[in-house]
Amino acid sequence: MFRALLLVFCFACNTGASAATLEVVGPLQTDPGQGCSLQFSGAIGPGTAKDAETVLRELIKPIFNYPSHLREEQVVLCLSSTGGDFLEGLRLARLFQKLDLTTRVNPGDTCLSACAVAFMGGRLNSRSGEGYYSSRYLHPTSKLGFHAPSLDLQGEVFDRDSVAQAYSVALLSISFLAESANQLKLSPRLLREMLRNSGRDFFFVETLDDLADHDIQLYGYQAPPNTKSARFSACANAFRWHFTPDEDRETLANFDVSHFSERGGTVSFVPFDGEMYCQLQTIELGAGWMDLVVQSELPSLTDPSLKLSYPSWVRLPGPTHFLDLVLGQERDAF
């Protein structure tokens, strides 16, 4: 019988919201689409990451006996928070990565600001010689929003010193963000979008393009059928995501079917100059099935310029919004 345990590890939250809590809600998971091992909720304040590390190290090995010899077992940490201290969010992200925790946002839950940054620390250790994979799961109905670190000015009257100190903290947050970007696999586009949004403005991860750009996994959707239009979308998406600068994305976002043809299972299309050939294959990878997209400038595809695997949502146009997905039991492999 699994026994739930509730631990409050932060009271020094300067956001005025409730203190952060960490709760054991389930066992090790073999499928992050099915449930959580731990639940993190509430405001992220100064000292949250340090307290969280103490608690997590006490929990993970004695309770979960993790890491185990089974590569598919994961400690799935679910996050629900409107944010708080940006620097603490970054420290949490690096902590989650160090402990090889999978992060997830539950259906209908919200993870914003510092919480969204912490979410990006989700990582899976394959423990099989294959290395590490990003392991951070969203549901189509969950909300993940990023923005820039803000000036934390207390009170109603601000003097030169208080403004200078708040500005210094904000710059420190941005510096730490830049230092952590490669380690946490934060894409250049995500960094740009974060710095473009501040205050109550957010960049929300809400399209399939966003998932592909930021290496985020999805669960709780229905796999689209492998139709002719699905193969066209998969080929267009793969080209856009790997060969196309951001400024040209919209040009290729919704190819008209007249740009594509298919013969003998091989798709051909003309993205700019020159013809590309493409095939879509379903393969078993990791803990599930993935779509393998192979592209080449040769009809025989004997010299592939692209050979990468994607979740089945690659079959839909990249700009597709989460709200337009059909809900189901599908979840991304790593």
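Two strands pair if DSSP finds at least two bridges between them. The legends below describe close-up views of a predicted model.

**View 1. Strands β14 and β15 pair in the antiparallel sense.** Strand β14 covers residues 266-269 and strand β15 residues 276-285, and three bridges join them. Serine 268 stands opposite tyrosine 277 in β15.

**View 2. Five strands form an open sheet with antiparallel pairing.** The strand order is β13-β14-β15-β16-β17. At the edges lie β13 (260-263) and β17 (306-310), each of which pairs on one side only. On average, neighbouring strands of this sheet are turned by 30° against each other, direction ignored.

**View 3. Cysteine 235 and cysteine 278 form a disulfide.** Their sulfur atoms are 2.1 Å apart. This pair links distant parts of the chain, with cysteine 235 in helix α7 (residues 228-243) and cysteine 278 in strand β15, 43 residues apart. The torsion about the S-S bond is about -90°, so the disulfide is left-handed. Cysteine 235 is buried, with a relative accessible area of 0%, and cysteine 278 likewise counts as buried at 0% relative accessibility.

**View 4. A disulfide joins cysteine 36 to cysteine 78.** The S to S distance is 2.0 Å. Cysteine 36 lies in the loop between β2 (21-24) and β3 (38-41), whereas cysteine 78 belongs to strand β4 (residues 76-80), 42 residues apart. Both cysteines are buried.

**View 5. A disulfide joins cysteine 111 to cysteine 115.** The S to S distance is 2.1 Å, and with -105° about the S-S bond the link is left-handed. Cysteine 111 is buried at 0% relative accessible area, and cysteine 115 counts as buried at 1%.

Key
Residues numbered from 1 in each chain as written. Predicted model: local features only at pLDDT ≥ 70, side-chain atom pairs only at ≥ 80, totals over all residues. Heavy atoms only, no water. Helix = DSSP H or I, 4+ residues; strand = E, 2+ residues; numbered from the N terminus. Axes fitted to C-alpha atoms, helices over the stretch in contact; angles between N-to-C directions. Disulfide = S-S within 2.5 Å. Buried < 20%, exposed > 50% of the residue type's maximum accessible area, 1.4 Å probe, protein only.
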